[in-house]
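Me: I'd like to learn how to read a structure like this one, feature by feature. Please give me the general idea each time, then the case at hand.

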Amino acid sequence: MNLLLPFLVGGIFSGIDKNLDCGKIENPTLLPNGSYDPIGRVVFKAGMETYETGNLTSETVLIGVYDINGFFPSTNIWQICDKLSEEGYKVILPDFFHGVPWTKEHYPIPKDVEFTEFIQKTSWDESVREDLGKVLAHYKTEGVKRFGIFGFCFGGGISAKASDFYADDIKIAGQFHPVVNISDAYAIKTPTLLLPGANDGDMTEYCDIINSKLGYGACVYHHFRDVNHGFSGGRADWNNGTIRGRAQEAVGMYKKFLCEKFPM
């Protein structure tokens with residue numbers, strides 16, 4: 001496996017609390033499909049339904065961006081939000097699709113006009129960029145001062161775009177089996193964790209570009225070689241112990257990355 005060590009001395013991360021022992025953070029335990037009851041709440045904010053969990057009075061928010069399966073039901077992703085919130089963050093998952101995801105009835109994904117239109121309608125330029133701006137603005141009115149982001153597949157690509165366009169607000173990103181282009185890497189301005197699956201493309205160059213811009217350790221890359229794209233997403237088969245185990249590892253890695261680069 002390709003793993004770039006996430007430690008950096010000085011540079012843009014010199015403010016890290018040296019008393020934190022991020023290595024002691026353990027991988028979370030994720031429950032199989034159908035076995036988990038989310039602990040957060042669904043609210044309507046910034047013009048869309050949003051799952052909120054964790055420390056609701058925190059001034060630090062992690063914004064989750066789901067895959068094309070959307071908001072309901074996203075029990076896997078809600079569970080990951082709950083696990084990330086254990087570190088003291090408020091974690092939110094806005095419904096950027098406004099209740100109209102790519103549903104399971106459409107699988108397997110066709111390569112036709114219908115899917116092309118869906119991707120265009122829900123793209124960064126068409127809708128998500130503006131909606132994310134509304135989310136940031138709303139939570140600032142609630143006293144939030146620091147934002148991070150993480151996303152899955154489609155959401156990983158959104159995380160990349162947000163790490164450029166909203167870099168004044170968003171200071172860290174996680175991309176779980178992302179759908180991105182190499183050109184995205186040149187624009188990223190925030191520390192980024194990359195967690196592709198076995199059949200996702202190699203991201204060595206992508207990560208190297210980020211590190212060359214921001215300093216070694218700004219990008220950490222771990223390629224999971226025995227589980228495919230989507231292993232931590234909304235439709236992942238977490239009744240399969242290997243897939244669920246790798247999802248646990250991925251979330252644990254993001255927890256450590258947050259601890260090192262974006263501590264509470």
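**Reading the fold, step by step**

Me: Let's begin with the strands. How many bridges join strand 6 to strand 7?

Reply: Four bridges join strand 6 to strand 7, and the two strands run parallel. Two strands count as paired if DSSP finds at least two bridges between them. The elements themselves are DSSP runs, numbered from the N terminus: helices are H or I with at least four residues, strands are E with at least two. Before we go on, a note on the source: this is a predicted model, where local features need pLDDT of at least 70 and side-chain atom pairs count only at pLDDT 80 or more, while totals for chains, interfaces and linings use all residues. Residues are numbered from 1 along each chain as its sequence is written, and side-chain values use heavy atoms, with hydrogens and water left out.

Me: What does strand 7 pair with on from there?

Reply: Strand 8 (residues 219-221), which runs parallel to strand 7 and is joined to it by three bridges.

Me: Which way do the side chains of strand 7 point?

Reply: In a regular strand they alternate between the two faces of the sheet. Here Thr192 and Leu194 point one way, Leu193 and Leu195 the other, and all are buried. Buried means under 20% relative accessible area, exposed means over 50%, and partly exposed is in between (1.4 Å probe, protein chains only).

Me: What do strand 6, helix 5 and strand 7 make?

Reply: To judge the hand, point the strands away from you; a crossover is right-handed if the path from the first strand over the helix to the second runs clockwise. Strand 6, helix 5 and strand 7 make a right-handed β-α-β unit. Strand 7, helix 6 and strand 8 make a right-handed one as well.

Me: On to helices. How many residues has helix 4, and how far does it reach?

Reply: The expected span is 1.5 Å times one less than the number of residues. Helix 4 (residues 154-165) has twelve residues and reaches 17 Å from its first C-alpha to its last, close to the 16 Å expected.

Me: Is helix 4 mostly covered or mostly open?

Reply: Mostly covered, with nine of its twelve residues buried. Among them are Phe154, Gly155, Ile158 and Ala162. The cover includes strand 3 (60-65), helix 3 (124-141), strand 5 (146-152), strand 6 (170-176), helix 5 (182-187) and helix 6 (204-214), where contact means heavy atoms within 4.5 Å.

Me: How many salt bridges does a search of the whole structure find?

Reply: Side chains of opposite charge can pair when their charged atoms come close. The cut-off is a side-chain nitrogen of Lys or Arg within 4 Å of a carboxyl oxygen of Asp or Glu. The search finds 16. In one of these, Lys189 pairs with Asp164, the closest N and O atoms being 2.3 Å apart. Lys189 lies in the loop between helix 5 and strand 7 and Asp164 in helix 4, so the pair ties together parts that are 25 residues apart in sequence. Lys189 is partly exposed at 45% relative accessible area, and Asp164 is partly exposed at 29%.

Me: Which residues are linked in a network of salt bridges?

Reply: Arg41, Lys45, Glu52, Lys90 and Glu142.

Me: Last one. Which residues touch the most other members of the largest nonpolar core?

Reply: A nonpolar core is a set of buried Ala, Val, Leu, Ile, Met, Phe, Trp, Tyr and Cys residues joined through side-chain atoms within 4.5 Å. In the largest core, of 59 residues, those are Leu62, Ile63, Leu84, Leu132, Val135, Phe150 and Tyr254. Leaving out residues up to four places away in sequence, Tyr254 touches Leu62, Phe150 and Leu193, among others. Apart from that core lies another, of 13 residues, including Ala160 and Met203.
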